[in-house]
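Subject: Structure handover

Dear colleague,

I am passing on the structure we spoke about, and I would be glad if you looked through it with the notes below beside you.

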Amino acid sequence: MAVLYRDTDLTLSAEGVSKSFDGFKAINDLNFYLGDGELRTVIGPNGAGKSTFMDLITGRTTPDVGSLTFHQPDGHDVDLCKLREYQINRLGIARKFQTPSVYTQHTVRDNILLSLNRDRGVLRALFYSETQQDRDEIDEVLEIIRLGDRRDELAGSLSHGQKQWLEIGMLLAQKPRVLLVDEPAAGMSDEETERTGELLLSLEGKHSVVVVEHDMEFVRQIARKVTVLHQGHVLKEGSFDEVAGDPTVKEVYLGRQKHTDAA
Ligand SMILES: Nc1ncnc2c1ncn2[C@@H]1O[C@H](COP(=O)(O)OP(=O)(O)OP(=O)(O)O)[C@@H](O)[C@H]1O
């Protein structure tokens with residue numbers, strides 16, 4: 001049986017969080033706890049509130065009520081509701097949106113270099129002379145995302161899947177404690193999807209990772225603890241088998257998903 005994370009060593013807590021848009025509760029009394037180094041998958045039907053929840057964690061939007069707390073390794077807690085989006089990002093919460101965003105006119109390697117040097121600005125970073133530490137860090141990231149053999153090629157020449165891995169690498173270069181990844185496997189071939197799963201699994205223990213995903217085969221591959229959101233609330237949490245075998249989850253999500261897939 002898969003080992004689920006222990007309740008100690010939390011990275012992120014959301015408690016009693018609600019968010020309404022024009023009176024509609026997109027997030028409704030949500031409680032969510034993310035462990036240090038945990039790989040969590042979040043699933044749920046369209047409109048369940050997955051994106052809104054990611055928006056709340058990253059400070060794109062703020063909750064109407066409830067708390068969002070980022071627990072620091074030194075024991076102190078940061079109230080994310082009081083911070084702006086860029087401040088949350090600087091604290092180490094990074095987000096990867098569905099569409100890849102890389103510097104297509106720069107090499108794969110320079111994309112990583114630019115991300116290492118994000119505080120210097122693009123031009124200064126390009127004329128910056130690298131240290132051995134930079135080179136080591138770039139090599140480390142290239143190895144994780146398995147693009148070492150493409151390092152000197154333009155990012156624009158990469159396949160869709162490779163661009164997604166590069167963007168994950170660019171975020172890893174910033175050494176985030178929390179990485180939020182939105183449907184990483186969308187539009188990928190089966191082989192790319194499997195490699196994406198391997199990449200995300202390799203981050204376990206080093207970063208806390210939240211993957212929002214619809215593709216249940218992919219969820220099965222990467223699943224540790226799975227959270228099912230429904231109507232802005234946690235409907236079920238557990239291992240893949242516990243969640244996939246739950247009658248209510250089947251009714252509100254998996255059954256409906258088959259319809260959507262068949263359509
Ligand atoms: N800025 C907004 N203004 C108004 N309504 C919004 C806004 N953002 C989200 N919503 C509504 O909140 C609900 C939750 O949306 P959200 O995008 O978070 O769901 P989701 O689970 O990410 O869905 P999907 O799987 O389709 O991406 C939806 O009904 C959506 O229309």
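This is a predicted model: local features need pLDDT of at least 70, side-chain atom pairs count only at pLDDT 80 or more; totals for chains, interfaces and linings use all residues.

Domains. The domain assignment gives domain 1, made up of 10–101 + 176–262, and domain 2, which covers 103–157. The centres of domain 1 and domain 2, taken over C-alpha atoms, are 28 Å apart.

Strands. Strand E1 (residues 10–21) runs antiparallel to strand E2 (residues 24–35), to which it is joined by eight bridges, and Ser20 has Lys25 in E2 as its bridge partner. E1 and E2 form a hairpin with two residues between them, and in that turn Asp22 has a positive phi of about 50°. E1 is also joined to strand E4 (residues 65–71), again in an antiparallel arrangement, by five bridges, with Ser13 standing opposite Thr69 in E4.

There is also an open sheet of six strands, in the order E6-E7-E8-E3-E9-E10, whose pairing is mixed. Strand E6 (93–96) and strand E10 (233–238) are its edge strands, each of which pairs on one side only, and neighbouring strands of this sheet are turned against each other by 20° on average, direction ignored. At the E10 end, strand E9 (residues 225–230) pairs with E10 in the antiparallel sense over five bridges, and Thr227 stands opposite Glu237 in E10.

Helices. Helix H1 lies across E3, E6, E7, E8 and E9, and runs at about 150° to E7. Elsewhere, helix H5 (residues 132–145) packs with helix H6 (residues 160–172) at an angle of about 140°, their axes being 9 Å apart, and the crossing in which H5 passes H6 is right-handed. On the H5 side, Val141, Leu142, Ile144 and Ile145 take part, and they meet Trp165, Leu166, Ile168, Gly169 and Leu172 in H6. The residues of this contact divide into eight nonpolar, one polar and no charged.

Notes. Residues are numbered from 1 along each chain as its sequence is written. Axes are lines fitted to C-alpha atoms, for helices over the stretch in contact, and angles run from 0 to 180 degrees between N-to-C directions. Helices (H or I, at least four residues) and strands (E, at least two) are DSSP runs, numbered from the N terminus. A crossing is left-handed if the near helix is turned anticlockwise from the far one by less than a right angle, and right-handed if clockwise. Two residues are in contact if their C-beta atoms, placed from the backbone, lie within 7 Å. Ala, Val, Leu, Ile, Met, Phe, Trp, Tyr, Cys and Pro count as nonpolar, Asp, Glu, Lys and Arg as charged, and the others, Gly among them, as polar. Domain bounds come from an automatic or database domain assignment. Two strands pair if DSSP finds at least two bridges between them.
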